[in-house]
Structure formats: C-alpha cells, structure tokens
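Hi,

Here is the structure I said I would pass on.

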2 protein chains.
Amino acid sequence: MATVAGVAGISRRQQYSAATRRALLRAAEQLFAVRGYAATSLDAIVSDAKVTKGALYHHFSGKQGIFEAVLSDLEDQAARSITKAMKGAKDPWDQARAGLTAFLEVLREPAYSRLVVHEAPTVLGPQRFAEQEERSTFAVLRNVVSGVLNGDALGVDSQMQETFSRIFFGALAAAGDAIVESTDPSAATQRVEAAFGLLLDGMRSLVGTPERADGDAEISGS
Amino acid sequence: MATVAGVAGISRRQQYSAATRRALLRAAEQLFAVRGYAATSLDAIVSDAKVTKGALYHHFSGKQGIFEAVLSDLEDQAARSITKAMKGAKDPWDQARAGLTAFLEVLREPAYSRLVVHEAPTVLGPQRFAEQEERSTFAVLRNVVSGVLNGDALGVDSQMQETFSRIFFGALAAAGDAIVESTDPSAATQRVEAAFGLLLDGMRSLVGTPERADGDAEISGS
DNA sequence: GCGTTTGGCATACCGCCGGTATGCCACGTA
DNA sequence: TACGTGGCATACCGGCGGTATGCCAAACGC
C-alpha cells in the first residue's frame, strides 16, 4: 500500500510507469501511422517519448510487441465507436447501414487504415492477426452479418456467415482505401455507400424479407 | 553480330546475364513468398541464386527493385491466366462468373496472395501499387465490372464502376485469404463462390437484365 | 527511521542487414 | 591483338533490432 495521493491505491512508481508506457504507445502510434512499421525505428520512438530503449524493452517485448499494443488500442477504440453508432438501429438492415457508415468513418483515420488493415496482417502473420480481429471489429461485423442473414429462406449456415463476413470485411477495407486515396473524400464516401447500398438491396431482394424483419430478437450483445 | 550459337543474335554474355537475372528472380520469388519481404535478406537471395550482391545490384536497383520485378512477373502471369479463362464467356454475367473462379484460383497460389495482395501495398506504397495493378489484374476486373454494369437503368457512371471494382477487388482478396487459411480449401471455395453468386444475383435482380433472370439461386454449392 | 529489496529505467554493446564504392576480368569489338 | 566495357565479386559502412549490464530511487520489512 503506502499510497501517496489517494486516487485508487496506485503508488507513485506505478503512476510514473504508466505515464512512460502511455508516452511510448502515443509516440509509437504516431510514427507507425505516418512512416509505417518498417520505416519506424525504435530509436525514433524512444526519442519522441523522451525515454530510452531500456524503457521500451521493459514495457514491451520488442518492436512487434509495442506494435501489437498499438493495434489493440486502435481496435478497441474502433469497435466501441462502431457498436455505439449502431445502438439506435431497429431492424438488422438498418443496423447494417449504420455499421457500414461508422466503419467507413473509422477507416478514414490514417492510423486504423494503415496499421490495422494493411500492416497488421503482414507484421503479425495471418493467424495472429485473425486472433486480434476476432475480438474486436471483425466480431462486430460478424454479428451484423449474422443478423442480416439469419432465418432467411436460403440455406445460409454459420460457415456461410463467416465467409460473408470475411468478404465484406475485405470489401470495406478496399472501400476505405478508395475513400482515403480519393481527391474528394466526401464524394467518394457517397459512391461507396451507394455501392454497398446496391449490394445490400440486392441481397435483401433475394433473401426476401422486405420489411418483416422477424428474427431480430438477438443481434448483438449490446 | 559475333553470335556464338545462332539462336537470335544473342551473344554469350547476354545469355549468361539473362540467366543470372532469371536465377535471381527465381530465388527472390521463392524466398519472398515463403518468408515474406521483410524477413528475406539479400544475402539469402544471392546465396540461393549462387551469385553475390554485386550481381543483384547490377540487375536491379535494390531490394524494392527486385521485389517489383517479381511482382510484375506474377501480375502478368495472373492477368493472362484470368483473361484466358474468360475467353469463352458470352454475356457479361457469365464472364464475371468465369473471371471470379479464375481469380480465386490465382489467389490460391501463395506467391500471388502474399506478395501481390498483402505485401505489395505496404512495400511499394499505395500510389505505386495502384500503378502496378492498373496495368494487370485490376484492369481485367474493371473491364468485367464495366461489362456488367454498363447500360443499366441505375445511374452507374465510370466513377461508380471504379468504386465497384475497388470494392470487389478487396472482397476477392479477402475471399482468397479465407480459402487459403481454411482447413478445407475446396469447401471454402464453394462457399466463396456461393456468396459471390448471391451478391451477383442480387445486383442482377436490381439492375434488371431482361433476359433469362432465371432463379437459380442455389446458395450451398455442395 | 533504516537497511534491504526491487521495479523502472539508462547505457553500452553486438550481429545482421541494405546499400555503396571499388576493382577485376573475360568477352565483345575493331 | 589491343582496347573498352559489361558483368559481376569483394570489402566496407551506417543503421537497425535486440541483449546484457548497471544504477538509483521508491517501496517494504523491522
């Protein structure tokens, strides 16, 4: 014990340690987002954070370790933002629309797009990246897809829902790139939403639940 | 002049030079595909090719240079394979189906999937990667999309076709990953083709092709 | 209060990697 | 046959990720 300020039983050493850890994460996220993973040196990170490599290797396992920590922060933040944006939706299709817009908004921040979508799969490897994603944004998307394709006339089982989720995830990532690299992002966003609207309307016309929307009892754990 | 063997006016020096260049490309493609770009050292490449770094830097501008050469080979090969597979198709939707199957086949070879789809965007940067893709597989896909969405009732201009192409490209890449990482690739391929079939049928029902919109909406391809 | 322990770093150093500078030598050319 | 040059090999450099070591104040036991 021996706490100094009565915050929550946190000693001064722990406060300082957490501060340096946050500084490292902050500097790393900035540099990774701007220069990319390979072009970012640990010396640059610790220089920006005003510490040394000893501090970095005390808090993280190495370059990949601090990268995963940055990723984890970004994914948690993104997942919260998307789930929050889907709160008011009534039927699953409206929820899908809201989630789509929110996801596109997340993809427009350079850190998420570059690090989570592009760099993470090659840096972490496919299976480790899948583990990361399975607990955050991909889980959200999977719930949305499950809500849309549940209880339809077509034979869409859980494996098909997984397949659809993977496909839509890739489609959304590419759409985010198209928006970011566009000269007119707002116009590009409108085109992307129009394109996905066409895809969703097409699926809805086939699945054949225009407004019934019966099986939306449990879509997400919100 | 002064040709040794009368092949086609190619001197012995040029033959040797081309041979070492091919050996370098071959070794680089192998190592890049297996270990990835970052984990592949130039020493390993020149060791496998049984030359030295002097030879590599004589033929290529550096690590990124030989990587781009490998990419160029892979993309040309892929584009030829896909266009060849689409030769027999008559209506645009059938062409899209054939191109889809052929593209999924290409994505199953590790070199293309890992290098072109995953590593290339981060190694080359977005705009340089776009230049590469614009001349090969992406151009093919864009033609297919253009054929499908041309002259429809909906207001789909060229920019929307570009957007659709980008989205489908991302979707196909993710689908390829899902297939490769699956424990049962053939079953995963059937699921992917069923999912894209649903998407295409949905679009077709909206676009409203007058002729033969037969309801072959079989989802499970098993 | 006081020695002791230990978490939280800083410093110094190592091996490897991408890239460059230099040199050489057989092949092509006249 | 003499010369010029393409096609490499060799040697070396700065920077990188990672490790080993040391120190020092803050926490803890008494």
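A polar contact here is a pair of N or O atoms within 3.5 Å. Keep in mind that this is a predicted model.

With that cut-off in hand, start at the backbone of chain A. A polar backbone atom of Arg13(A) sits 2.7 Å from a phosphate oxygen of DNA strand D.

DNA strand D is surrounded by 21 residues, and the closest are Arg13(A), Leu42(A), Lys53(A), Arg13(B) and Thr52(B). Sorted by class, the surface near DNA strand D has ten polar, six nonpolar and five charged residues.

Which helices supply that surface? At least two residues each come from helix H1 (12-35) and helix H3 (53-59) of chain A, and likewise from helix H1 (12-35) and helix H3 (53-59) of chain B. H3(B) gives the most, with four residues.

Buried residues in H1(B) are Leu24(B), Leu25(B), Ala27(B), Ala28(B), Leu31(B), Phe32(B) and Ala33(B). As a reminder, residues three or four places apart in an α-helix point the same way, because there are 3.6 residues a turn. The cover over the buried residues of H1(B) includes helix H2 (42-48), H3, helix H4 (63-85) and helix H6 (110-124) of chain B. After H1(B) comes Gly36(B), with a positive phi near 90°.

One last thing, on backbone angles. Lys50(A) is not a glycine, yet its phi is positive, near 60°. Where is Lys50(A)? In the loop between helix H2 (42-48) and H3 of chain A. Lys50(A) counts as exposed because its relative accessibility is 76%, and the cut-off for exposed is over 50%.

Chain B has its own case: Lys50(B), also not a glycine, has a positive phi of about 60°. Lys50(B) is found in the loop between H2 and H3 of chain B. With a relative accessible area of 75%, Lys50(B) is exposed.

Cheers

Methods:
Residues numbered from 1 in each chain as written. Chains lettered and ligands numbered in written order. Predicted model: local features only at pLDDT ≥ 70, side-chain atom pairs only at ≥ 80, totals over all residues. Heavy atoms only, no water. Near = heavy atom within 4 Å. Polar contact = N/O pair within 3.5 Å; in protein donor to acceptor, adjacent residues only side chain to side chain. Nonpolar A, V, L, I, M, F, W, Y, C, P; charged D, E, K, R; others polar. Buried < 20%, exposed > 50% of the residue type's maximum accessible area, 1.4 Å probe, protein only. Contact = heavy atoms within 4.5 Å.
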